[in-house]
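Please examine the sequence and the structure shown below. The report that follows treats salt bridges, a pocket, a surface patch and backbone angles in turn.

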Amino acid sequence: MFTVDEQAPIQKIERIRHADGHPTQYEISFIPWSIAPGITNEQAEHSLFQTLANVHDVHVAKTTEALEIALSDEKVSGFLDCPLGTPCFYIETVTEDASGRTIEYSRSYFRGDKTSFVIERSYS
């Protein structure tokens, strides 16, 4: 669960990632301003985890991810350049630092017809 104070300012970062020149992922990330104030567009074009570590001295210790299949709606279909109702992998991720503080929450849609997964994570 994404736990921050209800009145706390949050940065919303939307990105579209490509493979071989085709959009494959639409991601919406939410990062509390107190964690990393003012992430720039240039920083968002690269790894957010590296930006958090290198620029804000915030280090990822744990991610909890929930994966399901979802059908693309108009917005997702537009961003991923796919027909309405295309099956997508939908992943919600909560990212924490070593103290258990939530440092990022994201929702990602991956085109099911252009994506496969092997997931191995090491944050140490």
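The side chains of E27 and R17 form a salt bridge with an N to O distance of 3.5 Å; the term denotes a side-chain nitrogen of Lys or Arg within 4 Å of a carboxyl oxygen of Asp or Glu. Because E27 belongs to strand β2 and R17 to strand β1, this pair ties together parts that are 10 residues apart in sequence. Strands (E, at least two residues) and helices (H or I, at least four) are DSSP runs, numbered from the N terminus. The model is predicted: local features need pLDDT of at least 70 and side-chain atom pairs count only at pLDDT 80 or more, while totals for chains, interfaces and linings use all residues. Residues are numbered from 1 along each chain as its sequence is written, and side-chain values use heavy atoms, with hydrogens and water left out.

How exposed are the two partners? E27 has a relative accessibility of 8% and counts as buried, whereas R17, at 35%, counts as partly exposed. Here buried means under 20% relative accessible area, exposed means over 50%, and partly exposed lies in between (1.4 Å probe, protein chains only).

E27 also meets R15 in a salt bridge, at 2.6 Å from N to O. Since R15 lies in strand β1 and E27 in strand β2, this pair ties together parts that are 12 residues apart in sequence. R15 is buried, as is E27.

A further salt bridge joins D97 and R101 at 2.7 Å, N to O. D97 is buried at 10% relative accessibility, and R101 is partly exposed at 39%. Through shared partners, salt bridges join R15, R17 and E27 into one network. The count of salt bridges comes to five, among them the pairs in this table.

| Pair | N to O distance |
|---|---|
| E27 and R15 | 2.6 Å |
| E27 and R17 | 3.5 Å |
| D97 and R101 | 2.7 Å |

In general, side chains of opposite charge can pair when their charged atoms come close.

The largest pocket has a volume of about 460 Å³. Of its 23 lining residues, R17, Q25, E27, E65 and R121 are the closest to its centre. A pocket is found on a 1 Å grid over the protein atoms alone, as an open set of points where a 1.4 Å probe fits, with protein on both sides within 12 Å along at least five of seven lines; lining residues have an atom within 4 Å of a point. Which element supplies the largest share of the lining of the largest pocket? That share, four residues, comes from β5. By class, this lining has eight nonpolar, nine polar and six charged residues.

A nonpolar surface patch of about 280 Å² is made by L67, F117 and I119. Such a patch consists of residues with over 30% relative accessible area and no salt bridge, whose nonpolar side chains (Val, Leu, Ile, Met, Phe, Trp, Tyr) are joined within 5 Å. F117 is found in the segment after β5 (102-111) and is partly exposed, with a relative accessible area of 33%.

Two backbone angles complete the report. The phi of D20 is near 55°, a positive value in a residue other than glycine. D20 is in the loop between β1 and β2 and counts as exposed at 77% relative accessibility. The phi of D81 is also positive, near 55°. D81 is placed in the loop between α3 (74-80) and β4, and at 58% relative accessibility D81 counts as exposed.

Key. Patch = residues over 30% accessible without salt bridge, like charges linked within 9 Å, V, L, I, M, F, W, Y side chains within 5 Å. Areas by Shrake-Rupley, 256 points an atom, 1.4 Å probe, with all protein chains shown as cover. Points joined across faces, edges and corners; volume = space filled by probe spheres on them. Nonpolar A, V, L, I, M, F, W, Y, C, P; charged D, E, K, R; others polar.
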